[in-house]
Amino acid sequence: MGQVKKATSALSKLFVYGALKYGQPSNSILASSGNGHAKFWCKATTTEKLPLVIATRYNIPFLLNKPGVGYYVTGEIYEVDDRMLNSLDNLEDCEDIYTREKQDMNIGVGEGTVPCWVYLLQKYPEKLLNLPYLSSYENSTTHPYIMRHRRTHKHPAQDDLSYEATN
């Protein structure tokens, strides 16, 4: 493939609520053009209440797919290309932990809503619902976010999320 074409793929909107936000530990992933294209679009809030918790020994922020529980969560919308989404899918352990799905996000009074991709935790131990719910995530010294490359293979994050299907 001799020609280098500028990405012609349509841009998608991605809602980020955790460590990918501006000023947070993983924002450099969005900022790195090697991962694809990402451009800050605007701040936004979920259109329904969802539980945002900090969990696992690595203090990872998770948005649990349990509408009606918790708060309206604030975050940021980025315009991203498919390459960036693929990079993030790989990073976010999409298959193992998160699912990426489309949800309407609220972009302000009178502005209406915009459908965005968002990484949600579909399967999780009930005990996560006992954690404090946040309306907005900030990395802190109380719950310092452990970057992916500093986590140990002996204890992947999913160990702390071990999920027993209740049939």
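Q: What makes Phe62, Ala157, Asp160 and Leu161 contacts of Thr56?
A: Contact means heavy atoms within 4.5 Å. Thr56 meets that criterion with Phe62, Ala157, Asp160 and Leu161, leaving aside its neighbours within four places in sequence. This is a predicted model, in which local features need pLDDT of at least 70 and side-chain atom pairs count only at pLDDT 80 or more, while totals for chains, interfaces and linings use all residues. Residues are numbered from 1 along each chain as its sequence is written, and side-chain values use heavy atoms, with hydrogens and water left out.

Q: Why is Thr56 called buried?
A: Buried means under 20% relative accessible area, exposed means over 50%, and partly exposed lies in between (1.4 Å probe, protein chains only). Thr56 has 16% relative accessibility, so Thr56 counts as buried.

Q: Where is Thr56 found?
A: Thr56 sits in the loop between β3 and β4. Helices (H or I, at least four residues) and strands (E, at least two) are DSSP runs, numbered from the N terminus. β3 and β4 form a hairpin with four residues between them. In that turn, Thr56 has a positive phi of about 70°.

Q: How do you know that β3 and β4 pair?
A: Two strands pair if DSSP finds at least two bridges between them. Val53 has Phe62 in β4 as its bridge partner.

Q: Which residues show that both faces of β3 are covered?
A: Leu52 and Ile54 are buried on one side. Val53 and Ala55 are buried on the other. In a regular strand the side chains alternate between the two faces of the sheet.

Q: Why is the Asp160 and Arg57 pair called a salt bridge?
A: A salt bridge is a side-chain nitrogen of Lys or Arg within 4 Å of a carboxyl oxygen of Asp or Glu. The closest N and O atoms of Asp160 and Arg57 are 2.6 Å apart, so the pair qualifies. The pair links distant parts of the chain, 103 residues apart. Asp160 is in the segment after β7 (113-121), and Arg57 is in the loop between β3 (52-55) and β4 (60-63). Asp160 counts as buried at 17% relative accessibility. Arg57, at 41%, counts as partly exposed.

Q: What makes Glu76 and Lys43 a salt bridge?
A: Their closest N and O atoms are 3.8 Å apart, so they fall within the cut-off. Glu76 lies in strand β5 (residues 74-80) and Lys43 in strand β2 (residues 38-46), so the pair ties together parts that are 33 residues apart in sequence.

Q: Are Glu76 and Lys43 buried or exposed?
A: Glu76 counts as buried, at 5% relative accessibility. Lys43 is exposed, with a relative accessible area of 58%.

Q: How many salt bridges does a search of the whole structure find?
A: The search finds four.

Q: How many helices and strands does the chain have?
A: The chain has two helices and seven strands. Their order from the N terminus is β-α-β-β-β-β-α-β-β. Of its 167 residues, 42% count as buried.
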